[in-house]
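Here is a protein chain to read through in questions and answers. Look at the sequence and the structure first.

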Amino acid sequence: MRTTLTRSRRVLALVAIALVASTLLMLPASADPNLSLGGLAMVVDTNGDGLNLRTGPSTGFAVQVTMPEGSIVQVVETGLTDDTGLGWTQVRYSGLTGYAATMYLAAASGLIDPPPVAPDPPAADPQPNGLAAGSRATVSGTGGDGLNVRSAPGTSATVLTAIHEGARVTILGGPEQDASGNSWYQIETVVVGWAHGSYLIADDPAVAPDPVDPPAGGTSEPPPAASAAGQALVDEAMLHYGTPYVWAGTTPGSFDCSGFTYYVVNTVLQNNFPRALSEQVMFGVFVSRSELQPGDLVFFQNTYEWGLSHVGIYTGNGMFINAGNEDDHV
């Protein structure tokens, strides 16, 4: 009897140790100290299945979208735990805000490439370069690395976005000199920010004039006709007028804003157009508002959140079609 009781105690002790070990293994899932508010994180260790973005911090909430392995998200809130002890992090992804299991997120620092950085600028750029407020310029001389657009004039300012070699921008102001004597210009591209003047070449107005408003009492030139592809995009988009708006929707049953453009562009052009709003805005070539043609994508910033936040498809005559919000439809 004593031997049996001793064995039983050993079995119970082993079970208790196993439960403690299991609990210890779960602890890292509740919070990742490397995730910082406002910082970036990457979806990892999902075996290629991706990570569900849910409407609340537990598996009982609805799935908004499945984020592919390697997706980059912005951290909104950390340290959340559900009733089972599973950790959750509130994140922002492709215009959506939701909750993802912390155990499948890793701080993106060191895992992803930093924002594109332009070549080292010269000590100073010449001032008589033809750049003036209201003029247009082309990004040139970056060696294919692209040009950083910053929140203020100077290389220490935050990078808002990067634009590719050959992109055309509108000059809004400047020049402003930094501590090294380099000139910076405020420009409008996918965002409004500051760019180093050494990589901006003034467009020749005789070659590529911008449309202007006609004088009072005059007549304007008719808007340019849509290209065949542009008109096909408009025609496809109009087929879905009235489709309900649903977060993460990408099919004719429901759309969100970037899901709508994702579906329409890929249906017509079949060119692997990306799903994420931040990737869509970098996919094509920037044109000014006055240069829009039917089928062009129209991007917005600072609507329901700061920064790039909405997209639609220009249909001509100053109008566009879009998936607006939960209270509306296409």
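Q: Which residue in the turn between strand 18 and strand 19 has a positive phi?
A: Strand 18 and strand 19 form a hairpin with two residues between them. Strands here are DSSP runs (E, at least two residues) and helices are DSSP runs too (H or I, at least four), numbered from the N terminus. In the turn, a positive phi of about 55° belongs to Asn-317.

Q: What kind of model is this, and how are residues numbered?
A: This is a predicted model, in which local features need pLDDT of at least 70, side-chain atom pairs count only at pLDDT 80 or more, and totals for chains, interfaces and linings use all residues. Side-chain values use heavy atoms, with hydrogens and water left out, and residues are numbered along each chain as its sequence is written, from 1.

Q: How many bridges join strand 18 to strand 19, and how many pair it with strand 17?
A: Two strands pair if DSSP finds at least two bridges between them. Strand 19 (residues 319–321) runs antiparallel to strand 18, and Gly-316 stands opposite Met-319. With strand 17 (residues 297–301) the pairing is also antiparallel, and Leu-297 has Ile-313 as its bridge partner. The counts are three bridges to strand 19 and five to strand 17.

Q: How many residues of strand 18 are buried?
A: Buried means under 20% relative accessible area, exposed over 50%, and partly exposed in between (1.4 Å probe, protein chains only). Strand 18 spans residues 308–316 and is mostly covered. Of its nine residues, the buried ones number seven.

Q: How many residues apart are Arg-136 and Glu-291, whose side chains meet in a salt bridge?
A: A salt bridge is a side-chain nitrogen of Lys or Arg within 4 Å of a carboxyl oxygen of Asp or Glu, and this pair meets at 2.9 Å, N to O. Arg-136 counts as buried at 5% relative accessibility, and Glu-291 does at 17%. Arg-136 is in strand 8 (residues 136–139) and Glu-291 in the loop between helix 4 (277–280) and strand 17, so the pair links distant parts of the chain, with a separation of 155 residues.

Q: Why does the salt bridge of Arg-275 and Asp-256 tie together separate parts of the sequence, and how far apart are they?
A: The two side chains meet at 2.9 Å, N to O. Asp-256 is buried, with a relative accessible area of 2%, and Arg-275 counts as buried at 16%. Because Arg-275 lies in the loop between helix 3 (257–269) and helix 4, and Asp-256 in the loop between strand 16 (254–255) and helix 3, the parts joined are apart in sequence by 19 residues.
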